[in-house]
Amino acid sequence: MKCSDRGRAVPPNVADLKNLEVLNMFNNQIEELPTQISSLQKLKHLNLGMNRLSTLPRGFGSLPALEVLDITYNNLNESSLPGNFFYLTTLRALYLSDNDFEVLPADIGKLAKLQILSLRDNDLISLPKEIGDLAQLKELHIQGNRLTVLPPELGNLDLTGPKQVFKAENNPWVTPIADQFQLGVSHVFEYVRSETYKYLYGRHMQANPEPPKKNNDKTKKISRKPLAAKNK
């Protein structure tokens, strides 16, 4: 089902579409979702990209068949996610790019089937060590954040092969990591696996440095602009 009727809310009776497997609500200026959306027990693919969501409804994680969730380009952050969000253990692809996340919750490690994780252009200041538990991950996009270091556990993952994607440019990396990026992604992964790096990372985290300042002015995002008044 594709929705292109621009409104600010999704009707609760969407829950009546019991056999729905694909729901595309891309670019509809949606500001909120009904809690009833979690009753779509057969839903596999949900696209909520390019809307105005600043929160997800309670119980959102109760979608037992969901494999692809795209919430790119909204106004979401770590406080927007309901308590059961990481119960979505059937997810294979999670697109969270162009939002306002400063922290990625440690529960990300529970999404064991995840193959694609896109976190591009948020405000992330760190990644949790649990990201290293995502053994099936083939694509990780973390470019355009405020990251200075990588957790050593990232080295558990194989993201350097010809079929893998690891994008991390436009972050204020500490010099040793920036130097490895100059040499190539495989060098970065070798480095984060090293005892030298584990020691430096531990020292860095103990020092608890001030996070880099935000450099993206998100006030100009379409999802922030006031909606034009509807013609009467």
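Reader: Over residues 64-158, how much of the chain is helix and how much is strand, and how far apart are the end C-alpha atoms?

Author: Helices (H or I, at least four residues) and strands (E, at least two) are DSSP runs, numbered from the N terminus. Residues 64-158 are 0% helix and 13% strand, with 28 Å between the end C-alpha atoms. An unreviewed UniProt entry lists this range as "domain: Disease resistance R13L4/SHOC-2-like LRR"; such annotations may be inferred rather than shown by experiment, and the positions follow the numbering used here, with feature names shortened. The model is predicted: local features need pLDDT of at least 70 and side-chain atom pairs pLDDT 80 or more, while totals for chains, interfaces and linings use all residues. Residues are numbered from 1 along each chain as its sequence is written, and side-chain values use heavy atoms, without hydrogens and water.

Reader: Which residues touch the most other members of the largest nonpolar core?

Author: In soluble globular proteins, nonpolar side chains tend to be buried together. A nonpolar core is a set of buried Ala, Val, Leu, Ile, Met, Phe, Trp, Tyr and Cys residues joined through side-chain atoms within 4.5 Å. Buried means under 20% relative accessible area, exposed over 50%, and partly exposed in between (1.4 Å probe, protein chains only). The largest core here has 57 residues, and Phe60, Leu69 and Leu117 touch the most other members. Elements giving two or more residues to this core are H2 and H3, and H2 supplies the largest share, 4 residues. Contact means heavy atoms within 4.5 Å. Beyond four places in sequence, Leu69 touches residues including Leu46, Phe60, Phe85 and Tyr95.

Reader: Which residues of H2 are buried?

Author: In H2 (residues 185-192), Val188, Phe189, Tyr191 and Val192 are buried. They lie on the same side of H2 because they cover an arc of only 160 degrees around the axis, taken from the directions from the helix axis to the C-beta atoms. Their cover includes strand S7 (165-167), helix H1 (175-183) and helix H3 (195-207).

Reader: Is Asn47 buried or exposed?

Author: Asn47, in strand S2 (residues 45-47), is buried at 13% relative accessible area. Its side chain reaches the backbone nitrogen of Gly49 at 2.9 Å. Among its contacts beyond four places in sequence are Leu23, Phe26 and Asp70.

Reader: Which side chain makes a polar contact with that of Glu139?

Author: A polar contact is a pair of N or O atoms within 3.5 Å; within protein, one must be able to donate a hydrogen and the other to accept it, and residues adjacent in sequence count only if both atoms are side-chain atoms. Glu139 pairs with the side chain of His141 at 2.9 Å. Glu139 is in strand S6 (residues 139-141) and is partly exposed, at 25%. The C-alpha atoms of Glu139 and Leu117 are 6.2 Å apart, although 22 residues separate them along the chain.
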